[in-house]
Amino acid sequence: MFAKSSGDLGSAYKVFEKMPERNLVTWTLMITRFAQLGCARDAIDLFVDMELSGYAPDQFTYSSVLSACTELGLLALGKQLHSRVIRFGLALDVCVGCSLVNMYAKCTADGLVDDSRKTFDRMPAHNVMSWTAIITAYVQSGECDKEAIELFCRMISGQIQPNQFSFSSALKACGNLSDPYIGEQVYGYAMKLGLALVNCVGNSLISMYAKSGRMEDARKAFDILFEKNLISYNAIVDGYAKNMESEESFLLFNEIADTGIGINAFTFASLLSGAASIGALSGAASVEWGEQIHGRLLKEGFESNQCICNALISMYSRRGNIEAAFQVFYQMEDRNVISWTSMITGFAKHGFAARALEMFREMLETGTKPNEITFVAVLSACSHVGMISEGRKLFNSMYDVHGIVPRMEHYTCMVDLLGRSGLLIEAMEFINSMPFMADALVW
């Protein structure tokens, strides 16, 4: 009773511990509930205890413990379990296959879906769960949205009826492709099946329209949702912020507070992005909103959240308040490459080139690996102060030291550096040596 409900997991475990005899079903049920209710580490520990007690896991046990591995990002352990299910003849089970597809999609660091697809293709039969798992894997990879749509079409052509999660992933793929035409066809099918007003489908529709720049349609999709949740509000707020309609996002922010739903880090990050966008166009217009949001997030206890701190640095930098940006950066306990790059960019854009380069060196000393955007910022800083030698050194280090292939933006920064320093012949030679055709910005 306790284990099947979503409530008192502790009580369920106490009953489990006092059982004089346990069998495979009770072990698996307990492991499954731990995995489902956010206690992934406990689920894995219990799985180990089960095996030490002499019980052989079945397909349901493996499915649950693989889900726990996914939750914790334990790819190595997941691969060991994969080899075991193959050895015991359970790899072709649909339930196990879905868990494996999901694990490889979420745990692979480079976002590739090769292992997920191989697992999917080896399954002798598919149901809506396996199709949804592979479609979601392609969407989550960040660069395979067309393939996700193709798989969705294959699923429905094969007489498999999508569920709400299938539709949600397909709509996300359409949003990532900025293709509302296909998205509306997907949504039309969801309406036919009576799933159009389910939260996750409606939320994905809002996000799809927002990513396609159709905020009027996004707002209509938001308004017709029968039961809105925080994800619904975050989708529309983020859409307004990214489409330079920040006033609407702030109005909705107040509406969220009135509903009592609560606000999370993503809400604040979206609002700060909106304030930064206004700040880039009109600093005075964003001052009050930006400070109100900062005050509210402090009140809500989000001041140490890494994502929010990064958004604050970006907002203050774009508004020209580099001191406030650095204050936020300085007080951060946990910085990532986005934190460092945002601060370096802020210094570079506001004429503090030497400070930007100094911060870049500090970043490297901490062991934080720079990314493409970091190098755009430091090369731009070199350009503004005419540091030709330093700029060349940094450009060459991109691939030689950090394994980053220079893109058009980096070549543009180098041409700008040479041009500003009066080295026009060298600039032309540099353009001619580029591995691709120079665009208008380079010229």
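Author: Here is a short tour, from the overall fold to a few single residues. Keep in mind that this is a predicted model.

Reader: Okay, how many helices and strands does the protein chain have?

Author: The count is 25 helices and zero strands.

Reader: And how much of the chain counts as buried?

Author: The chain has 443 residues, and 46% of them count as buried. Its accessible surface is about 22,100 Å², with 54% of that belonging to carbon and sulfur atoms.

Reader: What share of the contacts comes from residues 24 or more positions apart?

Author: They make up 59%, counting contacts with a separation of 6 or more.

Reader: What happens at the start of α2, and what comes just after α2?

Author: At the start, a side-chain oxygen of asparagine 23 comes to within 3.1 Å of the backbone nitrogen of valine 25. Just after the helix, glycine 38 has a positive phi of about 85°.

Reader: Which residues in α2 are buried?

Author: Among them are Trp27, Met30, Ile31 and Phe34. The buried residues of α2 pack against α1 (9-18), α3 (40-52) and α4 (59-72).

Reader: Switching topic: in the largest nonpolar core, which residues touch the most other members?

Author: Ile134 and Ile236 do, in a core of 97 residues. There is also a second, separate core of 29 residues, including Leu9, Ala35, Leu66 and Met103.

Reader: What does isoleucine 236 touch?

Author: Leaving out residues up to four places away in sequence, isoleucine 236 touches Ile206, Met215, Ala218, Arg219, Phe222 and Leu252.

Reader: Now charges. How many salt bridges are there?

Author: The count comes to 11. One of them pairs arginine 84 with glutamate 51, at 2.3 Å from N to O. That pair links distant parts of the chain, with arginine 84 in helix α5 (residues 75-87) and glutamate 51 in helix α3, 33 residues apart.

Reader: Where do lysine 220 and glutamate 216 lie?

Author: Both are in helix α13 (residues 215-223), four residues apart, about one turn of the helix. Lysine 220 is partly exposed at 48%, whereas glutamate 216 is exposed at 61%.

Reader: And aspartate 238, is that one buried or exposed?

Author: Aspartate 238 counts as buried, because its relative accessibility is 14% and buried means under 20%. This residue is found in helix α14 (residues 230-242).

Reader: What does aspartate 238 contact outside its sequence neighbours?

Author: Beyond neighbours within four places, aspartate 238 is in contact with Phe266 and Ser270. Aspartate 238 also forms a salt bridge with lysine 242, where the closest N and O atoms are 2.8 Å apart. Both lie in helix α14, four residues apart. Lysine 242 counts as exposed, at 59% relative accessibility.

Terms used:
Residues numbered from 1 in each chain as written. Predicted model: local features only at pLDDT ≥ 70, side-chain atom pairs only at ≥ 80, totals over all residues. Heavy atoms only, no water. Helix = DSSP H or I, 4+ residues; strand = E, 2+ residues; numbered from the N terminus. Buried < 20%, exposed > 50% of the residue type's maximum accessible area, 1.4 Å probe, protein only. Contact = heavy atoms within 4.5 Å. Areas by Shrake-Rupley, 256 points an atom, 1.4 Å probe, with all protein chains shown as cover. Polar contact = N/O pair within 3.5 Å; in protein donor to acceptor, adjacent residues only side chain to side chain. Core = buried A, V, L, I, M, F, W, Y, C linked by side-chain atoms within 4.5 Å. Salt bridge = Lys/Arg side-chain N within 4 Å of Asp/Glu carboxyl O.
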